[in-house]
Amino acid sequence: ARLSGVLKIPIEEMENRYAGPVGDDGERTGTIYDPLLPLPLKEGVDEATVQYLLERKEDFPGVDATEEWRRVYPYAPLASHIVGYMSALTETNVDYYRTLGYKLNERVGAFGIEQQMEQDLHGTWGKQVWEIDAAGNTVRLISETPSIAGKDIQLTIDLEVQQYAEQTLETELKLRRDLPEEQQAHNGIDPKTNKPFYEGYPEYVPYKAPAGSVVVLDYSKGHVVAMASYPTFDNRWMESGITGEGEGGKKGTSP
């Protein structure tokens, strides 16, 4: 209860992390976090809150703050639907990743390149074995296996072409949606010149251009230079503290 006030998260959310949400039968469904590792109660805690807790460790026994890595998307929302985003393990994929040696506390690719290339990006965990005495004091390091970093991935997406494709697609769709009624009445054709109101436009069609996509290819190499889709989303949303259950709910590669 005291932590709930300090961290500004409901007690129920912390309980769900510890023992899982309540199922239809009224029983807890089980946590997705590793019982042998510290339980993360909240991510993205500000420095002032961390200092408050560390200065009052006697009031919050067993509570600690840990620095961890988070994916950063410097060009977001550009190419968000290509790059994708990461999420915590979910009930639908936890068994699969456990068979691959993943830990329950890990974040994995949930969409786009992040998901398709997850195992290449992931790398291999290291391991340390320590000797601990009966009082819980660390005595010595017995053995250590270094971790292996995941592979880097470079896409064929051209940043400037991608930006142009996305901006052009969005602009043209919005322009198409907002054709004045007078132009719509004439099927998009100017009766004075018998040409489209907007030079280069096809004839007006009776629907509101809800979405669209653009693909730019380098035919000489077969590379995808840009892939634009609209409406789009910002993959930084998935790293900004969105809570809740499901795919990407609690829960980043750049062109």
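In this predicted model, helix 2 spans residues 11-19, and its buried residues are Met-14, Asn-16 and Arg-17. Viewed along the axis of helix 2, these buried residues fall within an arc of 155°, so they line one face of the helix. Glu-12 and Tyr-18 are exposed on the other side of helix 2. The cover over the buried residues of helix 2 includes helix 1. Just after helix 2 comes Gly-20, which takes a positive phi of about 90°.

Helix 3, residues 47-54, has Thr-49, Val-50 and Leu-53 as its buried residues. They cover an arc of only 100° around the axis, which puts them on the same side of helix 3. An α-helix has 3.6 residues a turn, so residues three or four places apart point the same way. The face of helix 3 turned away from the buried side carries exposed Glu-47 and Ala-48. Helix 1, residues 2-7, is among the elements covering the buried residues of helix 3. At the start of helix 3, the backbone nitrogen of Ala-48 has a side-chain oxygen of Asp-46 within 3.2 Å.

| Helix 2 (residues 11-19) | Met-14, Asn-16 and Arg-17 | within 155° |

Key
Residues are numbered from 1 along each chain as its sequence is written. This is a predicted model: local features need pLDDT of at least 70, side-chain atom pairs count only at pLDDT 80 or more; totals for chains, interfaces and linings use all residues. Side-chain values use heavy atoms; hydrogens and water are left out. Buried means under 20% relative accessible area, exposed over 50%, partly exposed in between (1.4 Å probe, protein chains only). Helices (H or I, at least four residues) and strands (E, at least two) are DSSP runs, numbered from the N terminus. The arc is that of the directions from the helix axis to the C-beta atoms. Contact means heavy atoms within 4.5 Å. A polar contact is a pair of N or O atoms within 3.5 Å; within protein, one must be able to donate a hydrogen and the other to accept it, and residues adjacent in sequence count only if both atoms are side-chain atoms.
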